[in-house]
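Subject: Handing over a structure, with notes

Hi there,

Could you take a look at the structure below when you have a moment?

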Amino acid sequence: NIEALTMVDICRKQILPAAFAFSKQLADAMVSKHTVGVNYDAEKKIADKVSALTSCILAEVDELDEKLLGSKDVTGTEKIARYYRDVVFSAMQSLRAVVDELETITPEALWPFPTYTDLLFSVR
């Protein structure tokens, strides 16, 4: 429960704002290029992907939040444990997959956490 609540909080307060900032950078680049008559297809393609991933993250966060609320209707220690294993953990995995995909295209300067590369190669 604590991990799922933390995941929802992190997505809403850190991941989504990072995605919005990246979207703004891409939009600003497209406007600038359009103004001078330069092709901005690459930025548009990435912006479309970021937008789709952002929408998916928001939907997955809402779904996880709904699953957490649904846990209040479950009684009995074993049933609650099974609910978290089968329902909440599954929703967490779905959300993580989308966030991981967004991480691969978001500039490091905008990503609010150390990247997997940082973690793997910065260990001393």
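First, the ground rules. This is a predicted model, in which local features need pLDDT of at least 70 and side-chain atom pairs count only at pLDDT 80 or more, while totals for chains, interfaces and linings use all residues. Residues are numbered from 1 along each chain as its sequence is written, and side-chain values use heavy atoms, with hydrogens and water left out.

Helices here are DSSP runs of H or I with at least four residues, strands are runs of E with at least two, and both are numbered from the N terminus. Helix 2 has 30 residues and should span 44 Å at 1.5 Å a residue; its end C-alpha atoms are 43 Å apart, which agrees. That expected span is 1.5 Å times one less than the number of residues.

Which residues of helix 2 are buried? They are E43, A47, V50, L53, T54, I57, E60, V61, L64 and L68. By buried I mean under 20% relative accessible area, with exposed over 50% and partly exposed in between (1.4 Å probe, protein chains only). These buried residues pack against helix 1 and helix 3.

The largest nonpolar core has 28 residues, and I57, L64, V88, L95 and L102 touch the most other members. A nonpolar core is a set of buried Ala, Val, Leu, Ile, Met, Phe, Trp, Tyr and Cys residues joined through side-chain atoms within 4.5 Å. Helix 1 (2-36), helix 2 (41-70) and helix 3 each supply at least two residues of this core, and the largest share, 10 residues, comes from helix 1. In soluble globular proteins, nonpolar side chains tend to be buried together.

Leaving aside residues up to four places away in sequence, L64 touches A4, M7, V8, V88, A91, M92 and L95, where contact means heavy atoms within 4.5 Å.

**Salt bridges**

A search of the whole structure gives 11 salt bridges, each a side-chain nitrogen of Lys or Arg within 4 Å of a carboxyl oxygen of Asp or Glu. Three of them are described here:

- D9 and K13 meet through their side chains at 3.0 Å, N to O. Both lie in helix 1, four residues apart, about one turn of the helix. D9 is partly exposed at 35%, whereas K13 is exposed at 60%.
- D65 pairs with R12, with the closest N and O atoms 3.3 Å apart. D65 is in helix 2 and R12 in helix 1, so the pair ties together parts that are 53 residues apart in sequence. D65 is partly exposed at 24% relative accessibility, and R12 is partly exposed at 36%.
- E101 pairs with K49, the closest N and O atoms being 3.3 Å apart. This pair links distant parts of the chain, with E101 in helix 3 and K49 in helix 2, 52 residues apart. E101 is partly exposed at 34%, as is K49 at 38%.

Salt bridges that share partners also join R12, D62 and D65 into one network.

**Two polar contacts**

R82 is in helix 3 and is partly exposed, with a relative accessible area of 41%. Its side chain makes a polar contact with the side chain of E78 at 2.8 Å. A polar contact is a pair of N or O atoms within 3.5 Å; within protein, one must be able to donate a hydrogen and the other to accept it, and residues adjacent in sequence count only if both atoms are side-chain atoms.

T106 sits in the loop between helix 3 (77-105) and helix 4 (116-121), and at 8% relative accessibility T106 is buried. The side chain of T106 reaches the backbone oxygen of L102 at 2.8 Å. T106 also touches F22 and W111, not counting residues up to four places away in sequence.

**Cysteines**

How many disulfides are there? The count is zero, taking a disulfide as a pair of cysteine sulfur atoms within 2.5 Å. For C11, the nearest cysteine sulfur is that of C56, 11 Å away. C11 is buried at 3%, while C56 is partly exposed at 30%.

Best wishes
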